[in-house]
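Could you walk me through this one with a few questions and answers?

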Amino acid sequence: MDARTANPPPAAGRTLHRFANPGRFLRISGRVLPVMAVLGLGLTLTGFVWGLFFAPADWQQGDAVRIMYVHVPSAWLASFGYLSLAICSVLSLVWRHPLADLAAAEIGPVGAAFTALCLATGSIWGKPMWGAWWVWDARLTSVLVLFFLYLGHVALVRAFDDPQRGYRAGAILALIGVVNLPIIKFSVDWWNTLHQPATIKFTGSPTMYVGMLWPLLLCALGFTFGFAAIVLARTRAAVMERRIRGLLMARAQEADAR
Amino acid sequence: MTHLTYIMAAYGLAVLVGTVFSVDAWARMSRARRRLAAIDPRANRG
């Protein structure tokens, strides 16, 4: 009896590693990707049209409230993107899952872009509503920290000649940065902020008019599918690029051996 | 519509970010698929 049969990997590890096979990942993601892309585009466009032309204006903010249909989904995605980065980091550090490393490296830039979009649209809304492009409010500052965490992850993953070291350093940074997520979420409750408190909560009914809530939820769903589709497409490309590098290196070694 | 410039700027940025990342991901995927097919004939079957 060999060592592998005598000590099989734990059940969770076995299930996770079934999806570490690049061929299987490319096959499954190839089927899922078009569905995600179509859902992302369709839901986002529907939400945008609904939010821009059919949802009512706010009695205080006027039509500037329509910026919310871009700002809020990008803010949610900034946090959820970082959470997925942290999950990939756990998979990488605990189970050494090779696809988790690639996925984490691809989530970083997309998450940074969505966080930048959240900050920029918040700023665009803030100018006419607060009279300032930026205030050092707890919510805004913690989201800015999230943006820097994303940038740090992107830089760290690419900072080493040995990619494995980069992935490991990035994973550690991603896990340390998770502490910022509850700070972002509860900053409006813990501190006296200019940013308004949450209007949609897990624990209670939303305080938002339903005619504004539906387009917002459509946009949030569309952004989520769009984010997932972009990350999946980038991860597919990264898997193929790694296979290309492996094949070219094997050929070079064969040529050297002759 | 009030604050039209601000609204257009916000939606324009969203469309720009979405388009840039989607096109980049699609182009990168196509490039990798072509290169892989060129050096590994088995890739065409997968």
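Q: How do H6(A) and H7(A) run relative to each other?
A: This is a predicted model, and in it helix H6 (residues 138–157) of chain A and H7(A) have axes that come within 8 Å and cross at roughly 165 degrees. Angles over 145 degrees count as roughly antiparallel. So H6(A) and H7(A) are roughly antiparallel.

Q: Which residues of H7(A) make the contact with H6(A)?
A: On the H6(A) side, the contact uses A:Leu149, A:Gly152, A:His153, A:Leu156 and A:Val157. By class, the contact of H6(A) with H7(A) has seven nonpolar, five polar and no charged residues. The partners on H7(A) are A:Gly166, A:Tyr167, A:Ala169, A:Gly170, A:Leu173, A:Ala174 and A:Gly177.

Q: What is the handedness of the crossing where H6(A) passes H7(A)?
A: The two axes cross at roughly 165 degrees. As H6(A) passes H7(A), the crossing is right-handed.

Q: How far apart are the end C-alpha atoms of H4(A)?
A: H4(A) has 28 residues, and at 1.5 Å a residue it should span 40 Å. The model agrees with that, because the end C-alpha atoms of H4(A) are 39 Å apart.

Q: Which residue takes a positive phi just after H4(A)?
A: Just after H4(A), a phi of about 55 degrees turns up, and the residue is A:Arg96.

Q: Is A:Trp76 buried, exposed or partly exposed?
A: A:Trp76 is found in helix H4 of chain A. A residue needs 20 or more C-beta neighbours within 10 Å to be buried, and 12 or fewer to be exposed. A:Trp76 has 18 inside 10 Å, so A:Trp76 counts as partly exposed.

Q: How do H3(A) and H9(A) run relative to each other?
A: The axes of helix H3 (residues 22–54) of chain A and helix H9 (residues 210–257) of chain A come within 7 Å and cross at roughly 150 degrees. The residues of their contact divide into 23 nonpolar, eight polar and two charged. H3(A) passes H9(A) in a left-handed crossing. With that angle, H3(A) and H9(A) are therefore roughly antiparallel.

Q: Is A:Ala64 buried or exposed?
A: You'll find A:Ala64 in the loop between H3 and H4 of chain A. The cut-off for buried is 20 or more other C-beta atoms within 10 Å. A:Ala64 has 23 of them, so A:Ala64 is buried.

Q: Which residues of chain B does A:Ala64 touch?
A: Leaving out residues up to four places away in sequence, A:Ala64 touches A:Trp125, A:Pro128 and A:Met129, among others. A:Trp125 is 61 residues away along the chain, yet its C-alpha atom and that of A:Ala64 are separated by 6.6 Å. From chain B, A:Ala64 touches B:Thr2, B:His3, B:Tyr6 and B:Ile7.

Q: How many residues of chain A are in contact with chain B?
A: Chain B comes to one helix and zero strands. Chain B puts 25 residues into the contact, and by class they are 16 nonpolar, five polar and four charged. On the chain A side, the number is 32 residues.

Q: How many helices are there in chain A?
A: Of the 258 residues of chain A, 38% count as buried. From the N terminus on, the elements run α-α-α-α-α-α-α-α-α. There are zero strands, and the number of helices is nine.

Technical notes. Residues numbered from 1 in each chain as written. Chains lettered and ligands numbered in written order. Predicted model: local features only at pLDDT ≥ 70, side-chain atom pairs only at ≥ 80, totals over all residues. Contact = placed C-beta atoms within 7 Å. Nonpolar A, V, L, I, M, F, W, Y, C, P; charged D, E, K, R; others polar. Helix = DSSP H or I, 4+ residues; strand = E, 2+ residues; numbered from the N terminus. Axes fitted to C-alpha atoms, helices over the stretch in contact; angles between N-to-C directions. Parallel < 35°, antiparallel > 145°, perpendicular 65-115°, else oblique. Left-handed = near helix turned anticlockwise from the far one by under 90°. Expected span 1.5 Å × (residues − 1).
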